[in-house]
Amino acid sequence: MRSKQGLFVTFEGGEGTGKSTQIRLLADRLRRKGVDILVTREPGGSPGAEAVRHVLLSGAAEQFGTRMEAVLFAAARNDHVEEIIRPALASGAVVLCDRFLDSTRVYQGVTGNLEPSFIQNLERVAINGVMPDCTIILDLPAAEGLRRAKSRAQAEAQTAEPDRFEKEELDTHEKRREAFLDIADQEPLRCRVVDASGAPEMIAEKIFSIVEPLLPIHSSRVKETGSA
Ligand code: TYD
């Protein structure tokens, strides 16, 4: 069912771990090599899913409970997969996605206390066979991540208010960090944990060394003659 032409890489981790910066650095580097890149994010990434994103992050769905939120994340993910990710992979692109199914496992499953079978059923419907080839888990102590997320929010005047999930207590963020590390232990072939505490350029180098060997064949051909 799943195309083998492209490469699907997801980025996961708590708040303030630098996912968007690292995605940008990797995308720039791969583009310079002539690789066809699609950068996307969740919740969102397709028009339908972006509409649901607003409902989720504003907190408008919070009053209806975690189960409702989980179903909405799954609805958004399925739209994103079918409208954007699957066609991009079928065309041979490398898809870099900011958060994907592991965020639901962690935020709604572990810290949202939803039962694993419910999360698994939703996941199956949401991804419909499109599993990431590689998941980079950016790892940082929760307090440091929150500190970074706060200073970023202050720098961006319009988003100074924390979103629905950023508002939660430090120990919840710490539990999420542990939950991401547990997933990495359970799925070592798909997941790679990267220490997110160093200089962005060093972290980018580490991520590149993980992703480069996985690039589709046509991309490595470009690499042989490419510069950077
Ligand atoms: P976003 O503004 O994209 O920030 P971040 O930089 O943290 O990715 O916010 C997305 C928020 O939604 C984030 O707090 C995690 C949460 N989330 C879930 O709870 N479940 C999910 O399945 C996804 C994709 C995100």
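The model is predicted.

**The ligand and its shell**

Start with the ligand. The ligand sits in the largest pocket. Around the ligand stand 15 residues. Of these, Glu15, Arg77, Arg99, Thr104 and Gln108 come nearest. By class, the shell holds 7 charged, 5 nonpolar and 3 polar residues.

Three helices each supply at least two residues of this shell: H2 (47-57), H3 (66-90) and H4 (101-110). Helix H4 gives the most, with 4 residues.

Some side chains come within polar reach of ligand oxygen atoms. For threonine 104, an N or O atom of the side chain is 2.5 Å from an oxygen atom of the ligand. For glutamate 15, a polar side-chain atom lies 2.9 Å from a ligand oxygen atom. Aspartate 163 also takes part: a polar atom of its side chain lies 3.4 Å from an oxygen atom of the ligand. How much of the ligand does the protein bury? Taken alone, the ligand exposes 550 Å², and the protein buries 92% of that.

**The pocket that holds the ligand**

The largest pocket has a volume of about 870 Å³. Its lining counts 32 residues. Closest to the centre of the largest pocket are Glu15, Arg53, Arg152, Asp163 and Glu166. The lining divides into 14 charged, 10 polar and 8 nonpolar residues.

Glu15 is among the residues closest to the pocket centre, and its side chain has a polar atom 2.9 Å from a ligand oxygen atom. Asp163 is also among the residues closest to the centre, and its polar side-chain atom lies 3.4 Å from a ligand oxygen atom.

**The second largest pocket**

The second largest pocket has a volume of about 240 Å³. It is lined by 14 residues. Nearest its centre lie Leu146, Ala149, Lys150, Pro162 and Glu166. Helix H6 gives the most to the lining of the second largest pocket, with 7 residues. By class, that lining has 6 nonpolar, 2 polar and 6 charged residues.

**The cavities**

How many cavities of 30 Å³ or more does a search of the whole structure find? The search finds 2.

The largest cavity has a volume of about 120 Å³. Of the 15 residues that line this cavity, Gly14, Thr17, Leu140, His173 and Arg177 are the closest to its centre. Strand E4 (134-139), helix H6 and helix H7 (170-186) each give two or more residues to the lining. The lining has 7 nonpolar, 5 polar and 3 charged residues.

The second largest cavity has a volume of about 50 Å³. Among the residues that line it are Ala70, Ala74, Leu101, Ile119 and Ile127. Arg77 and Thr104 line it too, and both are also among the residues that come nearest the ligand. Helices H3, H4 and H5 (116-127) each supply at least two lining residues. Helix H5 gives the most, with 5 residues. The lining divides into 7 nonpolar, 1 polar and 2 charged residues.

The table sets the volumes side by side.

| Space | Volume |
|---|---|
| Largest pocket | about 870 Å³ |
| Second largest pocket | about 240 Å³ |
| Largest cavity | about 120 Å³ |
| Second largest cavity | about 50 Å³ |

**Two backbone features**

Most residues other than glycine have a negative phi, and most peptide bonds are trans. Two spots in this model depart from that pattern.

Glutamate 42 and proline 43 are joined by a cis peptide bond, with omega of about -10 degrees. Where is proline 43? Proline 43 lies in the loop between strand E2 (37-41) and helix H2.

The other is a phi angle. Asparagine 113 has a positive phi, near 60 degrees, and is a residue other than glycine. Its place is in the loop between helices H4 and H5.

Key
Residues are numbered from 1 along each chain as its sequence is written. This is a predicted model: local features need pLDDT of at least 70, side-chain atom pairs count only at pLDDT 80 or more; totals for chains, interfaces and linings use all residues. Side-chain values use heavy atoms; hydrogens and water are left out. A residue is near a molecule or strand if one of its heavy atoms lies within 4 Å of it. A polar contact is a pair of N or O atoms within 3.5 Å; within protein, one must be able to donate a hydrogen and the other to accept it, and residues adjacent in sequence count only if both atoms are side-chain atoms. Accessible areas come from the Shrake-Rupley method with a 1.4 Å probe; for residues, only the protein chains shown count as cover. On a 1 Å grid over the protein atoms alone, a cavity is a set of points where a 1.4 Å probe fits but cannot get out, and a pocket is an open set with protein on both sides within 12 Å along at least five of seven lines; lining residues have an atom within 4 Å of a point. A molecule sits in a cavity or pocket if more than half of its atoms lie within 2 Å of its grid points. Ala, Val, Leu, Ile, Met, Phe, Trp, Tyr, Cys and Pro count as nonpolar, Asp, Glu, Lys and Arg as charged, and the others, Gly among them, as polar. Grid points are joined across faces, edges and corners, and a volume is the space filled by probe spheres set on the points.
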